[in-house]
Amino acid sequence: MIDFVGNFKVIPSLPKKLEPLRKITRNIYWTWNNDALALFRRLDKELWESTNHNPVLLLGQLSQERLEEVAKDDGFVSHMNRVSKQLEDYLTTASWYQANFDKSKKSYIAYFSAEFGLTECLQIYSGGLGVLAGDHLKSASDLGVPLVAVGLNYKEGYFQQYLNNDGWQLESYGLIDYHNQPMTLEKDKNGEPLKIHVDFPKRRVYAQIWKIEVGRVKLYVLDTNITENSIEDRKITYGLYRGTIETRIEQEIILGIGGIRALHALGIKPLVCHMNEGHSAFLALERIHHLITNYDLSYEDAKNIGFYSNIFTTHTPVPAGIDIFPNDLVEKYLGDFYRNKLKISSKEFYSLGTIIKDKDPTNFNMAHLAMNMAGFVNGVSKLHGEVSKKMWVGGFKNVPFDEIPIDHVTNGIHIRSHLSAEMEDLLYRYLGDGFINSTSNPEVWKSIYEIPDEELWRTHERRRERLVAFARKRLVKQIISWGRSQSDINAAGEVLDSTALTIGFARRFATYKRATLLFRDIDRLSDILLHHERPVQIIIAGKAHPHDDEGKRLIQEIVNYAKEKNLRKRVVFLENYDMNVARYMVEGCDIWLNNPRRPLEASGTSGMKIIANGGLNFSVLDGWWDEAYNRSVGWKIGSGEEYADIEYQDEVESRMLYQTLETDIIPLFYERVNENIPRQWIMKIKASMSQLGPVYNTDRMLEEYTNKFYLNALKKRKLLMKNNWEEAKSFSQWKSNLLTHWNEVHFVNVDNPKNEEIKIGSKFKVNAELNIGELTPNDIEVQIYFGKVDKADEPHANKFVTMKYLSKDDKSGNLIYEGVISCVTTGEFGYTLRVLPNHPLLINKFELGVIKWVNE
């Protein structure tokens, strides 16, 4: 590696009239402003495509003659000034958050993620998790949520996929020039790159900080590829989800510990931190360290403060999807940190890496670390919340299943980032400003029914035509790269039919997503695709992880089907799936197919992107579709069954898939009574858009995160900070006292009628006498837990009522409580009693890990 003695940067020499372009290109608000995208295409359409839609690189590669030419073009300058004003107005206009909560624009929420999918030229994402994180930032910007984000800047990004002549996936990696990306390097007061450091075994690793402006939100990404580091340490941030397990822990330390230090170096002191998956969970340790060092707090005080101001979102429905590190590797990297900075024992430290408290852990689970350090935990769909409870039920001993403190916030998508320009214009005409400014308002979306069928259909048809043209062009390039004959190249230019029912399937090629389920009965599928009056076509895209040979075999199988002479015009696989390919597909497909093995899809968001574009979903009832589906908005595969025999499952569900296509979807699409318009199909499109549009978007999602978690976490953090952290110290003392004396709590007597028949509408009264030792009545809450006997083990079937403290017996010191159950339904009920901790700061009654049932 050549060791340069100095650096200099070459930037475009913009004519003075074009100076606004610098600010426009550096804020990726342009990714959801179609007027800005049209401006870039106007500069040079071919160069815009070849730069992978990177406006910074576009400016750098334009000739000086072209820049001078457009500077003299009054039409272009007027267009540029309009876009510049749009950006300025967007940044300064009062937002939802400022109008409803706080007029201050100071960031207090820090959102951490290992990847961010913001636009195709910023290759710091691999798939759905990253695109979700990117959409989170965009809606935070739209709503004015005071959020700042932290990630890593990957020098090689995620891999580029290409297929060999046999259809086998291969990978290539290219170095990314950050200086030609829409990001800027943060500088210190001397004008030098601002750097932070983290101590690794026998060395110190440095990282510099790049800023990406996402509308109102700032995203800071860390980069270890600098001269202060060894060659090996420079590679820590080279690749996303690559390298050894040691590379992963190094990346996650840089992201979590380094990320907090980067914010502090920038003068940003977040009060609330949101971990998007467990990759960034080490941030909780650094937050504790910061409080200990700067405010002279104890470890327990600092841990409590962090707990009540940390949020953890899990996207994983199976344990295999979680990063788990061997304890010896964790000791190698963090042994000095926990001993000398946190000043805790190894036993206490390693207990943070597990939620199973009755045995010593042999490894360190990052999701468990996040759960132990965050008072707010959520899954990403209603079903995933339930799946997460099942997966982690072992960490909540004696807690009823439905009360396990794992919430859910269903994912969404940033609609304008995934909506075609033509459809946006149409929606704006009929839905007005509310479509942009009140995306989550159902009343706004009711105006969908005012759009004439003809206009909606023609708009969608134009996007299907563009998808077909895009697929043909892309397939021709693939065929040429395989070294195929001219006749094959010509045939590739004629695939697909711009008027045929088009099914899209695009996602990560993990085996549980069952990409080949549609091909299980190839003869039946061929009859469907090749029908001479009602043709159907399939466009497929997706990447398998470089180490996932099973996923690669699925791709190869599909590619081989697509090569068959009778299917080559009806089945197309597009290589190197990215946000650009996804954009064409969600904008142009009629049907979005999703057939994962339930319940392994935590949420899924690709199907949400088709809604506002006029497409319809056809999916297994998993993830978001499990809560979104009804007959008026799309189609389902199965009825939510889960199978032990996966071969049998595939057989059953593939038949359901074919049958629904043959008897429902295809006939409805081709039912053209007059004007060659499928009016019943359009009715379904309008129902989908009006019902699902206001719900499955990130504006609704951010509003939910704000109201459920962000504001509550901020309130608790500020309360703990009161009187120079005295409230935090007081809470730690209360908690310690309660846990010390908890074993003294026991029921002495329960006085109630047994086997008594109670008339509906009356009250069932229970009295209890208990001894709580050194605790006080304010420290506890006594509850009656009850439900129907025949549904006792069903989730969400049982309820509780809080008992009222009546008096204290002077002789025994026992406390007397009374509780009443209102009998509003008939049947046989059972009940029991329990005691739980009680304190105003507690997020839930189970977070301290103690509960006392009457029969213990």
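This is a predicted model: local features need pLDDT of at least 70, side-chain atom pairs count only at pLDDT 80 or more; totals for chains, interfaces and linings use all residues.
How do the residues lining the largest cavity divide into nonpolar, polar and charged? Residues are numbered from 1 along each chain as its sequence is written, and side-chain values use heavy atoms, leaving out hydrogens and water.

**View 1. The largest cavity holds about 190 Å³ of space.** A cavity here is a set of points, on a 1 Å grid over the protein atoms alone, where a 1.4 Å probe fits but cannot get out; lining residues have an atom within 4 Å of a point. Volume is the space filled by probe spheres set on the points, which are joined across faces, edges and corners. Of the 17 lining residues, Leu475, Ile479, Ala562, Lys563 and Arg568 lie nearest the centre. The lining has 12 nonpolar, one polar and four charged residues (Ala, Val, Leu, Ile, Met, Phe, Trp, Tyr, Cys and Pro count as nonpolar; Asp, Glu, Lys and Arg as charged; the others, Gly among them, as polar).

**View 2. The second largest cavity holds about 70 Å³ of space.** Among the residues lining this cavity are Ser139, His414, Phe435 and Asp699. Its lining divides into four nonpolar, five polar and three charged residues.

**View 3. Strands β24-β23-β27-β28 form, in that order, an open antiparallel sheet.** Strands are DSSP runs (E, at least two residues) numbered from the N terminus, and two of them pair if DSSP finds at least two bridges between them. Nine bridges join β23 (780-788) to β27 (829-837), and Ile784 has Leu833 of β27 as its bridge partner.

Conventions
On a 1 Å grid over the protein atoms alone, a cavity is a set of points where a 1.4 Å probe fits but cannot get out, and a pocket is an open set with protein on both sides within 12 Å along at least five of seven lines; lining residues have an atom within 4 Å of a point. Helices (H or I, at least four residues) and strands (E, at least two) are DSSP runs, numbered from the N terminus.
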